[in-house]
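Below is a short report on one protein model. Please look at the sequence and the structure first, then read the notes under each heading.

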Amino acid sequence: MERLPDESLKASKAETFQLVGRSSKIQEVAGIIDRVAAVDIPVLITGESGTGKEVVARLLHQKSPRQAHPFWKINCAAIPHELLESELFGFERGSFTQAFHSKPGTFELADKGTVYLDEISGMSLRLQPKLLQVLQDAHFSRLGGRDEIAVDVRLISSSNQPMDRLLSEGRFREDLYYRLSVVSIHLPPLRERKEDIPELVQHMLRKYANGSRPAPAQLPDHVMETLVRYDWPGNIRELENAVRKFLAVGLESAALDDILMAGAEERTEALESSEDPFPMISLKEAARIAARKAERDMILLALRKTNWNRKRAAELLKISYKAMLYKLKAADLTARSRSGEARVPAERL
């Protein structure tokens with residue numbers, strides 16, 4: 001397959017990246033970036049998913065002498081192990097069944113620039129020695145090739161997994177880890193820097209505003225208070241998705257609650273399918289999910305008792321008719337089957 005143009009490469013040239021926030025923790029990160037950006041050494045960025053590790057990687061590139069050269073991002077956990085080697089190092093014609101022509105890999109294409117290996121913890125043990133060779137000797141050979149190729153790249157990597165645990169379990173080479181982590185930057189989760197949330201929200205409102213629904217100058221106080229109280233298990237990425245939904249559906253308080261609740265349900269479904277034997281969520285989040293399910297059940301019961309008369313059901317539940325219509329839509333209870341029952345997905349009840 002031909003390599004498609006790297007959209008992240010285009011973005012790195014057109015967009016200026018920045019860390020948003022004034023908390024002591026995020027200012028400490030900003031200080032490390034300023035000190036090491038111009039120093040040509042590997043950097044390992046750690047932190048939970050959604051904390052902004054790619055932004056830090058791009059800032060390191062943006063502030064470095066390599067800024068005019070390519071920035072290439074590869075997600076090691078998203079590419080099958082058998083394909084990652086050819087993606088990183090390229091291959092020669094005939095090296096495998098469908099190799100009809102030679103192809104350069106990421107390290108060649110990023111020469112003089114920066115390679116960002118996202119989720120480095122997902123790299124197989126079989127491939128780790130070859131990456132170690134690039135870090136030690138600054139050269140490698142393509143898959144199926146004999147000639148050695150010299151490259152000049154800066155390597156930045158990231159992981160949302162505890163690297164000490166991977167080392168103790170033998171899932172990551174210790175010598176490679178020390179090569180990657182000459183400088184380590186840890187990004188705090190959003191729940192540990194809640195004072196940055198108002199500034200982050202304003203930044204996102206400006207970023208995603210559009211002509212059809214201009215962004216408000218600021219959010220209502222009660223909305224911002226709710227955002228600051230929430231723990232944001234999905235971190236900045238979850239907050240960003242919520243802001244984009246606010247701009248799409250409006251800033252009604254009911255919409256706010258539903259957006260946060262929907263995020264909680266999505267994470268619960270992900271936890272249920274997780275391979276982690278002990279997936280956990282906070283008690284506060286579990287309470288939110290239980291409350292939403294109880295509310296949906298009560299609405300459905302009221303509709304059945306009133307033969308699906310929405311106005312009477314609203315009176316039974318002691319809410320306004322307008323609120324009832326909104327909750328029906330949010331709970332997917334607006335459509336009725338021929339038998340008079342709502343067509344409600346089983347997993348939503």
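## Threonine 114

Threonine 114 has a relative accessibility of 0%, so the residue counts as buried; buried means under 20% relative accessible area, exposed over 50% and partly exposed in between, with a 1.4 Å probe and protein chains only. Threonine 114 lies in strand β3. Helices (H or I, at least four residues) and strands (E, at least two) are DSSP runs, numbered from the N terminus.

The side chain of threonine 114 makes a polar contact with the side chain of histidine 61, at 2.7 Å. A polar contact is a pair of N or O atoms within 3.5 Å; within protein, one must be able to donate a hydrogen and the other to accept it, and residues adjacent in sequence count only if both atoms are side-chain atoms. Not counting residues up to four places away in sequence, threonine 114 touches His61, Arg66, Pro70, Phe71, Trp72, Arg154 and Ile156, where contact means heavy atoms within 4.5 Å.

## Basis of the model

This is a predicted model, in which local features need pLDDT of at least 70 and side-chain atom pairs count only at pLDDT 80 or more, while totals for chains, interfaces and linings use all residues. Residues are numbered from 1 along each chain as its sequence is written, and side-chain values use heavy atoms, with hydrogens and water left out.

## The sheet

An open sheet of 5 strands, with parallel pairing, runs in the order β2-β3-β6-β1-β7. Two strands pair if DSSP finds at least two bridges between them. β2 and β7 (183-186) are the edge strands, and each pairs on one side only. On average, neighbouring strands of this sheet are turned by 20° against each other, direction ignored; the axes are lines fitted to C-alpha atoms, for helices over the stretch in contact, and angles run from 0 to 180 degrees between N-to-C directions.

Strand β1 (residues 43-46) pairs with β7 in the parallel sense over 4 bridges. Isoleucine 45 stands opposite isoleucine 185 in β7.

## Nonpolar cores

A nonpolar core is a set of buried Ala, Val, Leu, Ile, Met, Phe, Trp, Tyr and Cys residues joined through side-chain atoms within 4.5 Å. The largest one has 28 residues, of which Leu88, Phe107, Leu117, Ile120, Met123, Leu131 and Phe172 touch the most other members. At least two residues of this core come from each of β2 (71-75), α4 (81-89), β3 (114-118), α6 (128-137), α7 (163-168) and α8 (174-180). A second, separate core has 20 residues, including Val20, Val201, Tyr230 and Trp232.

Leaving aside neighbours within four places in sequence, methionine 123 is in contact with Cys76, Leu84, Leu88, Leu117, Gln128 and Leu131.

## Aromatic pairs

There are 6 aromatic pairs in the structure. Rings of Phe, Tyr and Trp (its six-membered ring) pair if their centres lie within 6.5 Å; planes under 30 degrees apart count as stacked, over 60 as edge-to-face and the rest as tilted. The ring centres of phenylalanine 89 and phenylalanine 107 are 5.4 Å apart and the planes stand at 10°, so this pair is stacked. The pair links distant parts of the chain, 18 residues apart: phenylalanine 89 in helix α4 and phenylalanine 107 in helix α5 (residues 106-109).

Phenylalanine 89 is buried, at 0% relative accessible area, and phenylalanine 107 is buried at 1%. The rings of tyrosine 230 and tryptophan 232 have centres 4.6 Å apart and planes at 80°, so they form an edge-to-face pair. Tyrosine 230 and tryptophan 232 are both buried.
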